[in-house]
Amino acid sequence: MHKNILLYKAMLQHFAGDPRRCQHFIKVASLAKEIAILEGADQALIDLVEAAGFIHDCGIVVGEAKYGKGHCTGKIQEEEGPAVAQRILSELGYENENIDRICYLVGHHHTYSNIDGLDYQILVEADFLVNFYEDGLSEEAIAHTVAKIFRTVSGKALAKSMFGM
C-alpha cells in the first residue's frame, strides 16, 4: 500500500473524534497535490507535498494537551509538530530524506518569510486556501494574502476561482 494512504489513515487516528481537523488536513493535502500537479512537479514532489499536507498540523494535539484546547497557536504547532511527524513518518517507513524535509515543512508552515522551495510554497498556499474559507476571511484579506504570499501560478488561479477574485 502506498505510504501516503497509510499516512492518511494514521492522521485520521491522530485526530480521531475531531472531524474539523480531519477535514482540514484532507483538504490541504488534496490542494497541495493539485497545485503540485498543475505546476508540473515530478511524482516525488507530488507525493512529498501530499504527505506534508496530511501531517502539517500534527502538533496541535500535543500543543492543546500542554496549553489547552483553543490555545495552540501556529507557532506552538511549529514547535511541537516535527517530533510527532518524525515518529509517525518513521513508523510508516518513509525515507529519511523525506522525513527530514516533511518535518522541516511541519516546523515552518506558519512562517511565511524565507520560503525555500516549491514544496514549502505549495504547502503554505494549500493551507491558506483552506483556511481562507474555514476562517471566513473577507475578500479583502484574501486578496491581500494572495498578493503578498502566493507565488505559484496554480495557487493564484485556485484562489481567484474559489473566491471570485
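The following legends describe close-up views of a predicted model.

**View 1. Cysteines without a disulfide partner.** The count of disulfides in this model is zero. Cys-22 takes part in none, since the nearest cysteine sulfur, that of Cys-58, lies 13 Å away, whereas a disulfide requires the two sulfur atoms to be within 2.5 Å. For Cys-58, the closest cysteine sulfur is in Cys-103, at 7.6 Å, which is too far for a bond. Cys-22 has a relative accessible area of 11% and is therefore buried. Cys-58 is likewise classed as buried, because its relative accessibility is 0%.

**View 2. An aromatic pair between helices H2 and H3.** The whole structure contains 10 aromatic pairs. One of them joins Phe-25 and Phe-54 in an edge-to-face arrangement, with 6.0 Å from centre to centre and 80 degrees between the planes. Phe-25 belongs to helix H2 (residues 19-38) and Phe-54 to helix H3 (residues 43-55), so this contact ties together parts that are 29 residues apart in sequence. Both Phe-25 and Phe-54 are buried.

**View 3. An aromatic pair between helices H7 and H9.** The ring centres of Phe-132 and Phe-163 are 5.7 Å apart and the ring planes stand at 80 degrees, so the pair is edge-to-face. Distant parts of the chain are linked here, with Phe-132 in helix H7 (residues 118-134) and Phe-163 in helix H9 (residues 153-163), 31 residues apart. Phe-132, at 1% relative accessibility, counts as buried. Phe-163 also counts as buried, at 19% relative accessibility, because the class takes in values under 20%. Phe-132 and Phe-163 belong to one aromatic cluster with Tyr-112, Phe-128 and Phe-150.

**View 4. Helix H7 and its end.** H7 is mostly covered, with 14 of its 17 residues buried. Just after H7 comes Gly-136, whose phi is positive, at about 65 degrees.

**View 5. The crossing of H2 and H7.** Two packed helices are described by the angle between their axes and the distance between the axes. For H2 and H7, the axes come within 8 Å and cross at roughly 135 degrees. The two helices, H2 and H7, are therefore oblique to each other. The crossing in which H2 passes H7 is right-handed.

**View 6. Ile-88 in helix H5.** Ile-88 is located in helix H5 (residues 74-91). The relative accessible area of Ile-88 is 5%, so this residue is buried. Between Ile-88 and Ile-99 there are 9.5 Å in space, taken from C-alpha to C-alpha, and the two residues are 11 residues apart in sequence.

View 7. Asn-114 sits in the loop between helix H6 (96-106) and H7. Although Asn-114 is not a glycine, its phi is positive, at about 60 degrees.

How values were computed:
Residues are numbered from 1 along each chain as its sequence is written. This is a predicted model: local features need pLDDT of at least 70, side-chain atom pairs count only at pLDDT 80 or more; totals for chains, interfaces and linings use all residues. Side-chain values use heavy atoms; hydrogens and water are left out. Buried means under 20% relative accessible area, exposed over 50%, partly exposed in between (1.4 Å probe, protein chains only). Rings of Phe, Tyr and Trp (its six-membered ring) pair if their centres lie within 6.5 Å; planes under 30 degrees apart count as stacked, over 60 as edge-to-face and the rest as tilted. Helices (H or I, at least four residues) and strands (E, at least two) are DSSP runs, numbered from the N terminus. Axes are lines fitted to C-alpha atoms, for helices over the stretch in contact, and angles run from 0 to 180 degrees between N-to-C directions. Angles under 35 degrees count as roughly parallel, over 145 as roughly antiparallel, 65 to 115 as roughly perpendicular and the rest as oblique. A crossing is left-handed if the near helix is turned anticlockwise from the far one by less than a right angle, and right-handed if clockwise.
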